[in-house]
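Please have a look at the structure first.

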Protein chains: 2
Amino acid sequence: MNKREFKDKVYSELAKVAKAMANPHRLEIIDLLAQGPCSVEQLANYTGMSVANASQHLQTLKNAKLVQISRSGNFINYSLTSEDVFFAWAGLRELGLEYNAEAQKLIRDFRKGYKSNMNAVDADELARMIEKDEIILLDVRPEVEYKRGHIHSAMSIPIEKLEAHIKKLPKRKMIVAYCRGPFCFFADEAVALLQKKGFNAVRMDKGFPEWVDKGYPVENAQTIN
Amino acid sequence: MNKREFKDKVYSELAKVAKAMANPHRLEIIDLLAQGPCSVEQLANYTGMSVANASQHLQTLKNAKLVQISRSGNFINYSLTSEDVFFAWAGLRELGLEYNAEAQKLIRDFRKGYKSNMNAVDADELARMIEKDEIILLDVRPEVEYKRGHIHSAMSIPIEKLEAHIKKLPKRKMIVAYCRGPFCFFADEAVALLQKKGFNAVRMDKGFPEWVDKGYPVENAQTIN
DNA sequence: CAACTATTCAATAAATAAGTTGAATAGCTT
DNA sequence: AAGCTATTCAACTTATTTATTGAATAGTTG
């Protein structure tokens, strides 16, 4: 095999990873699986796809070795093969967010719809705030995701229960909300509601997977295994 | 715009980055541009594509904002928009190399063809060896790439000149060769030739861009600007 | 073992992507 | 201004991808 043939083949093999990620539905699936295993039906529900279509996209991800399966009764649970899958996508995401003006505009305009101020804290700043015991940290993801793993010292109030449980929160402290990641917007929703009720609240700019990647402390970290 | 519509749009925009990388020729182009700007003709020559085809792939990369152009007389020089483009691809590459058995086999088999032993040193180990002044460091890329930027203390002997200049090299010290990156194979060629002539030689496992990413010292670092 | 649920497969049509070919364009040189 | 070089564009053909629909399959339950 000459060098030209070798290069053509090896780049073709590696292009398969990029091809697997070259579809918006599959990217959303990766973001969802970064929070823990899901069944086909759940993924179809979350993403608005038919079950058959979701299954096809999952086959594509599986063929590229980006996801793997385990069975649980009638359900097949899909999970990311490793967190490197998420981080490879996160690298693409940050690149896209850096240069894609349309994506930047979409996010800015959608965020304006929440009428919350745009402040967000990053993981490093959040870690400092937790250490100084300055804040209340809220995980507004579904409770099943919280139980799988969450930021050390976070309390769980899923977004749909926030209005009902808002009285539990002290007004003295700043509240930081976080969710699945930058396109989830549960944290934005939470901050908008909290500010409306007079709380001093901001959101974390990314999500739980990024916190884990920084090596910051978590509880019950079984996110991806 | 509801949340579903927002997600569909934002993931579609970001999928454009992955789509731009979802082709073997475009991945090879990114690897080549990571060594510095190139014209369309040069890229066509290096990759075995027609000029028209190379130009089309470059348009795709440009539309995704992954490359940019500058003019030089009749030539249009393409360069990566930033080194984040290379690192996003490198993340995909490492993911693919981790799980794609066919790619692993291709590399292993091709490397065996060089009849060199398989030892390679990583950037950290290389940095230690340089510091201890234990080695001769050889940059076997084309000299124009060396001049744009190279590992601190490396000497340049392009691979096609190595046989002619091999007498310049002392046999007392170990020689480490590096090139553009893992799929370039100039370093493997160099090590095979050096070992055949009785030198103690190994290669660096990645390439110059990875060395830069680690923050290790370079000379003339104008690789990507 | 029949019925059920969850999931995958196969076929199809439509949309998108890739490479070639020849024409057109942009900028430079004489 | 003509001729040249490098590059891009447009049209066409072929290949690949995506979503839908209905059938098939795998595993569980009663």
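This is a predicted model: local features need pLDDT of at least 70, side-chain atom pairs count only at pLDDT 80 or more; totals for chains, interfaces and linings use all residues.

## Symmetry of the two chains

Let us begin with how the copies are related. Chain B is superposed on chain A by a rotation of 180° with 0.0 Å of shift along its axis, and the RMSD is 0.0 Å. This is therefore the relation of a two-fold axis. In chain B, the C-alpha nearest the axis belongs to Ala18(B), at 2.8 Å from it. Both copies use the same surface: 100% of the contact residues of chain B recur in chain A.

## The interface

On the contact count, 57 residues of chain B are in contact with 57 residues of chain A. The size of an interface is often given as the accessible area lost when the parts come together. Here chain B and chain A bury about 4,700 Å² between them, and 71% of that is on carbon and sulfur atoms. On the chain B side, the residues that lose the most area to chain A are Phe6(B), Tyr11(B) and Leu14(B), together 15% of what that side buries.

In one salt bridge, the side chain of Glu28(B) meets that of Arg4(A), at 2.6 Å from N to O.

## The largest pocket

Rolling a probe the size of a water molecule over the atoms shows where empty space is left. The largest pocket has a volume of about 280 Å³. Its lining has 13 residues, and those closest to its centre are Arg93(A), Lys206(A), Glu210(A), Asp213(A) and Lys214(A). By class, this lining has nine charged, three nonpolar and one polar residues.

Which elements of chain A each supply at least two residues of this lining? They are helix 5 (83–99), helix 7 (123–131), strand 9 (201–207) and helix 11 (208–213). Helix 5 of chain A gives the largest share, five residues.

## Cavities

In the whole structure, a search finds four cavities of 30 Å³ or more. The largest cavity holds about 110 Å³ of space. Of the 13 residues that line the largest cavity, Asp31(A), Arg180(A), Phe183(A), Cys184(A) and Tyr11(B) lie nearest its centre. Tyr11(B) is also among the residues of chain B that lose the most area to chain A.

Helix 2 (24–33) and helix 5 of chain A, together with helix 1 (3–21) of chain B, each supply at least two residues of the lining of the largest cavity. Helix 2 of chain A gives the most, with three residues. By class, the lining of the largest cavity has six nonpolar, two polar and five charged residues.

Conventions
Residues are numbered from 1 along each chain as its sequence is written. Chains are lettered from A and ligands numbered from 1 in the order in which they are written. Side-chain values use heavy atoms; hydrogens and water are left out. On a 1 Å grid over the protein atoms alone, a cavity is a set of points where a 1.4 Å probe fits but cannot get out, and a pocket is an open set with protein on both sides within 12 Å along at least five of seven lines; lining residues have an atom within 4 Å of a point. Grid points are joined across faces, edges and corners, and a volume is the space filled by probe spheres set on the points. Helices (H or I, at least four residues) and strands (E, at least two) are DSSP runs, numbered from the N terminus. Ala, Val, Leu, Ile, Met, Phe, Trp, Tyr, Cys and Pro count as nonpolar, Asp, Glu, Lys and Arg as charged, and the others, Gly among them, as polar. Copies are superposed by least squares on the C-alpha atoms of residues with pLDDT of at least 70 in both. Contact means heavy atoms within 4.5 Å. Buried area is the accessible area (1.4 Å probe) that two parts lose on being put together, summed over both. A salt bridge is a side-chain nitrogen of Lys or Arg within 4 Å of a carboxyl oxygen of Asp or Glu.
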